[in-house]
Amino acid sequence: MTKTIRSVKGTRDFYPCNMIVHNWLYEHIRRVSNSYGFQQWDGPVLETIELYAAKSGDELVKEQAFVFEDRGGSFITLRPELTPSLARMVAKNRNSLNMPLRWWSFGRFWRYERPQKGRAREFFQWNLDLIGSNSIRADAEVASIAAQFFYSIGFVPKDIVIKVNNRQFMEKIISDLGVLDNQFDIVFRLIDRVDKMSSEKWMQYASDVGLKDVQINKLHNELCKVDQWRDSEELSQFFEFTEMMGTRQWFEFDPKVVRGLDYYTGIVFEARDRKLHHRALLGGGRYDNLVSDMGGDAISGTGFAMGDVVIKLLVEEFGLLPDINTSNTDILITIFEEDLISYSYEVASELRKYNFAVEVYPDIVKLKKQLKYADRQNIAIVLVLGPDEIANSMVTVKKLSDGSQTNILLADLPEVLRTMLESE
RNA sequence: GUGCCUGUAGCUCAAUGGCAGAGCGCCGCACUGUGGCUGCGGUGGUUGUGGGUUCAAGUCCCAUCAGGCACCCCA
């Protein structure tokens with residue numbers, strides 16, 4: 001065997017059976033997005049490095065972006081996320097866009113990381129954003145759409161939880177502990193890890209970044225309070241609005257959720273499976289300054305992104321996948337012998353006029369082999385056109401599910417096939 | 001970028017340092033105008049690559065490449 005050329009690390013091949021799953025996912029995303037009146041859009045997959053340098057966070061840009069120099073000497077990035085492109089496009093056309101914008105998108109993204117379970121270098125992402133509204137209702141709505149999506153593909157609140165927090169609220173809490181403004185990022189990172197480390201290690205880490213023992217204990221104490229959202233106007237409203245929108249049972253306050261991207265300014269949320277088997281399914285929140293950072297007026301936005309990798313893993317584990325054995329083809333027309341090829345193709349074109357999906361076996365091989373192909377391909381009906389049939393202007397129609405077959409007059413074929421396929 | 005694990009047939013995996021195997025798949029025949037089921041037969045390999053130790057290496061050692069998992073970060 002000759003050596004096959006390897007695919008690029010971290011990329012996935014989508015065979016037809018994979019595309020069925022992929023399209024199934026995409027179809028639910030499309031339907032849910034549209035049902036809330038969101039419009040589909042997309043940006044370029046190539047952007048300048050400057051677009052991300054401003055706000056995405058150092059780690060994402062310096063360590064995880066695919067960057068290359070083009071022939072003109074410019075540094076080009078394969079987009080690692082969509083929100084900066086969104087902000088750029090909104091800033092650019094601010095005056096002609098009819099606010100508020102409800103936009104969604106589904107496309108490919110790239111991050112140069114070590115691939116592992118639930119993470120690839122090339123992945124798809126669903127983005128959904130509501131731009132130009134300051135209301136917490138906007139946050140509650142986009143988060144509710146995420147919940148509605150999980151429901152539409154077969155999950156219930158006991159499978160998945162969407163954890164909610166508010167960055168300003170957390171800033172106030174850590175500020176009250178005596179943490180300075182310029183240390184917020186460090187402390188957010190610390191908060192992010194409280195569940196990932198043993199408590200001794202966490203205490204040590206907290207101490208290493210410069211917190212005093214008193215502060216550490218108080219912080220740890222704060223992170224265990226699951227009811228303190230009542231002290232936050234925005235969080236209280238958020239939960240009230242999800243109640244109104246019928247999605248309240250999907251959401252929980254979690255003071256440990258702060259999100260990694262630097263541009264979030266208010267409500268933040270992330271979805272996880274309840275058993276915490278996987279990394280976050282989806283993450284999002286409010287970004288008040290992003291559009292103005294791209295050179296536009298201050299416009300507030302809120303939205304989320306969901307990767308395709310983890311959700312596919314979870315859907316598979318829960319057995320929610322659609323049947324991947326179904327073929328697009330309704331009817332396979334066999335070829336009997338050299339002289340009769342034209343009959344097969346004529347019948348095929350005729351049937352396509354009646355909107356049947358028809359394929360003709362391309363080679364002159366034994367019927368046995370053609371039948372076997374149809375069986376494996378899960379094609380419901382096979383037509384046999386041999387000398388006997390043609391002499392009488394008939395066709396043999398074989399139903400593969402039960403093996404039954406009948407001779408049908410060519411003229412009656414469309415009607416007979418229609419009823420047969422409907423009963424399948 | 002750091003650590004750990006794994007590379008054997010198309011796929012899933014066996015093989016005390018001693019003849020490279022099984023199941024599934026694929027192809028053929030029984031059934032030359034009929035799939036699935038069954039039976040029989042056949043196809044299958046530079047054991048990731050390169051070196052070393054040994055009478056002898058899939059097995060032990062070194063290097064390298066690839067994959068997986070965890071860290072990091074995040075969808």
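In this predicted model, strand E14 (residues 381–384) and strand E15 (residues 394–399) run antiparallel and are joined by 4 bridges. Strand E15 is also linked to strand E16 (residues 405–409), again antiparallel, through 5 bridges.

- Val-384 has Thr-396 of E15 standing opposite.
- Lys-398 has Gln-405, in E16, as its bridge partner.
- The hairpin of E15 and E16 has 5 residues between the strands, and in this hairpin Gly-403 takes a positive phi near 80°.
- In general, the strands of a sheet pair through backbone hydrogen bonds, in either a parallel or an antiparallel manner.

**The open sheet**

- An open sheet is formed by 8 strands in the order E1-E5-E6-E11-E10-E9-E7-E8, with mixed pairing.
- Its edge strands are E1 (39–40) and E8 (251–253), each of which pairs on one side only.
- Within this sheet, E5 (residues 101–110) and E6 (residues 122–131) run antiparallel and are joined by 10 bridges.
- Phe-106 stands opposite Trp-126, a residue of E6.

**Helices**

- Helix H4 (residues 83–92) lies across E5, E6 and E10 (282–287), and runs at about 40° to E6.
- Helix H5 (residues 136–152) lies across several strands, including E5, E6 and E11 (301–307), and runs at about 20° to E11.
- The axes of helix H6 (residues 167–176) and helix H7 (residues 184–192) come within 11 Å and cross at roughly 105°; H6 and H7 are therefore roughly perpendicular to each other.
- Helix H6 contributes Arg-167, Met-170, Glu-171, Ile-174 and Ser-175 to this contact, while H7 contributes Phe-184, Val-187, Phe-188 and Ile-191.
- By class, the residues of the contact of H6 with H7 are 6 nonpolar, 1 polar and 2 charged.

**The surface near RNA strand B**

- RNA strand B is surrounded by 44 residues, of which the closest are Arg-111, Arg-193, Arg-259, Glu-389 and Leu-400.
- This surface has 21 charged, 13 nonpolar and 10 polar residues.
- Sugar or phosphate accounts for 49% of the RNA strand B atoms within 4 Å of the protein, and bases account for the rest.
- An N or O atom in the side chain of Glu-113 is 2.8 Å from a base nitrogen of RNA strand B, and one in the side chain of Arg-114 is 3.1 Å from a base oxygen.
- A backbone N or O atom of Leu-281 lies 3.2 Å from a sugar or linking oxygen of RNA strand B.
- The elements that give two or more residues to this surface are E6, E10, E11, H14 (367–376), H15 (387–391) and E15.
- Helix H14 provides the largest share, 6 residues.

Conventions: Residues are numbered from 1 along each chain as its sequence is written. Chains are lettered from A and ligands numbered from 1 in the order in which they are written. This is a predicted model: local features need pLDDT of at least 70, side-chain atom pairs count only at pLDDT 80 or more; totals for chains, interfaces and linings use all residues. Side-chain values use heavy atoms; hydrogens and water are left out. Two strands pair if DSSP finds at least two bridges between them. Contact means heavy atoms within 4.5 Å. Axes are lines fitted to C-alpha atoms, for helices over the stretch in contact, and angles run from 0 to 180 degrees between N-to-C directions. Angles under 35 degrees count as roughly parallel, over 145 as roughly antiparallel, 65 to 115 as roughly perpendicular and the rest as oblique. Ala, Val, Leu, Ile, Met, Phe, Trp, Tyr, Cys and Pro count as nonpolar, Asp, Glu, Lys and Arg as charged, and the others, Gly among them, as polar. A residue is near a molecule or strand if one of its heavy atoms lies within 4 Å of it. A polar contact is a pair of N or O atoms within 3.5 Å; within protein, one must be able to donate a hydrogen and the other to accept it, and residues adjacent in sequence count only if both atoms are side-chain atoms.
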